[in-house]
Amino acid sequence: MKIMPTIGFALFISLFFAAGFGVFGYGIRSLILSNTAKTWPTTEGHVESCTITGSSDSDGTTYKVDVQYSYTVAGTRYAGDRIAFGYAGSSGRTAHQEIADRLSGAKTVHVRYDPANPSRAVLSYGLNRSTIFMLVFGATWLLFVTGFTALWMTSSLSDTGILNTLVTTR
């Protein structure tokens, strides 16, 4: 009766588990940092530039807002480019266009900065679509890999349910 997976399968499937935990962990980290930023002090900032960039490949085009802003904390001028922790590009241009329109039309923005490291700053905080995507994708990936592993391990077992109830005579 073969219960333990082979070393080859264990090494193979561990790569998929590592990818799932990496994506899910990034989502958790982004959520924690984004919620932490909610308590950071704010200062007035100025948008220096704001554009939507597109990156195309065989799967389509991914859009993202690239922003540059400046702000001052305790007399020191800083430059920032982070909209929110976890923010990432996606194929839906409309959502990114709405962000770009809001930033491009702003005279000033509220910049939330880390009081322990004022050069680390964001324009938005809390849960966002990119973070939700990472959390859902990571959890779904891990569930799939766990299910696949369970199926593979089950397929290598003998069917004791049948063998224990099978009545034969010789």
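Contact here means heavy atoms within 4.5 Å. Helices (H or I, at least four residues) and strands (E, at least two) are DSSP runs, numbered from the N terminus. With those terms, the buried residues of α3 pack against α1 (7–37). Buried stands for under 20% relative accessible area, exposed for over 50%, and partly exposed for what lies in between (1.4 Å probe, protein chains only).

The model is predicted: local features need pLDDT of at least 70 and side-chain atom pairs count only at pLDDT 80 or more, while totals for chains, interfaces and linings use all residues. Residues are numbered from 1 along each chain as its sequence is written, and side-chain values use heavy atoms, with hydrogens and water left out.

Start with the sheet. Five strands make an open sheet, in the order β3-β2-β1-β4-β5. The pairing is antiparallel. Two strands count as paired if DSSP finds at least two bridges between them. β3 and β5 (117–122) stand at the edges with a single partner strand each, so one side of each has no neighbour in the sheet. From one strand to the next, the twist averages 40°. Axes for such angles are lines fitted to C-alpha atoms, for helices over the stretch in contact, and the angles run from 0 to 180 degrees between N-to-C directions.

Now go through the pairs. β1 and β2 run antiparallel and are joined by 12 bridges. They form a hairpin, with two residues between them. S56 stands opposite T61 in β2. S49 stands opposite Q68, also in β2. β1 also pairs with β4, antiparallel, through four bridges. There, E44 has H110 of β4 as its bridge partner, and T42 stands opposite R112 in β4. β2 and β3 pair in the antiparallel sense over five bridges. V73 stands opposite T76 in β3.

What happens at the turn between β2 and β3? These two strands form a hairpin with two residues between them, and A74 in the turn has a positive phi of about 50°. A74 is not a glycine, yet it has this positive phi. The loop that holds A74 lies between β2 and β3 (76–80). A74 is exposed, with a relative accessible area of 80%.

S70 gives another view of β2, the strand in which it lies. S70 counts as buried because its relative accessibility is 4%. Leaving aside neighbours within four places in sequence, S70 is in contact with E44, G45, H46, E48, R77, Y78 and A79. With R77 there is also a polar contact of 3.4 Å between the side chains. A polar contact is a pair of N or O atoms within 3.5 Å; within protein, one must be able to donate a hydrogen and the other to accept it, and residues adjacent in sequence count only if both atoms are side-chain atoms.

Next, helix α2. It covers residues 93–104, 12 residues in total, and reaches 16 Å from its first C-alpha to its last. That is close to the 16 Å expected at 1.5 Å a residue. The expected span of a helix is 1.5 Å times one less than its number of residues. Which residues of α2 are buried? They are H96, A100 and L103. These cover an arc of only 65° around the axis, which puts them on the same side of α2. The arc is that of the directions from the helix axis to the C-beta atoms. An α-helix has 3.6 residues a turn, so residues three or four places apart point the same way. On the other side of α2, T94, E98 and R102 are exposed. The cover over the buried residues of α2 includes β1 (42–57), β2 (60–73), β4 (109–114) and α3 (129–155).

N128 caps the N-terminal end of α3, with a side-chain oxygen 3.1 Å from the backbone nitrogen of S130. S130 is itself one of the buried residues of α3.
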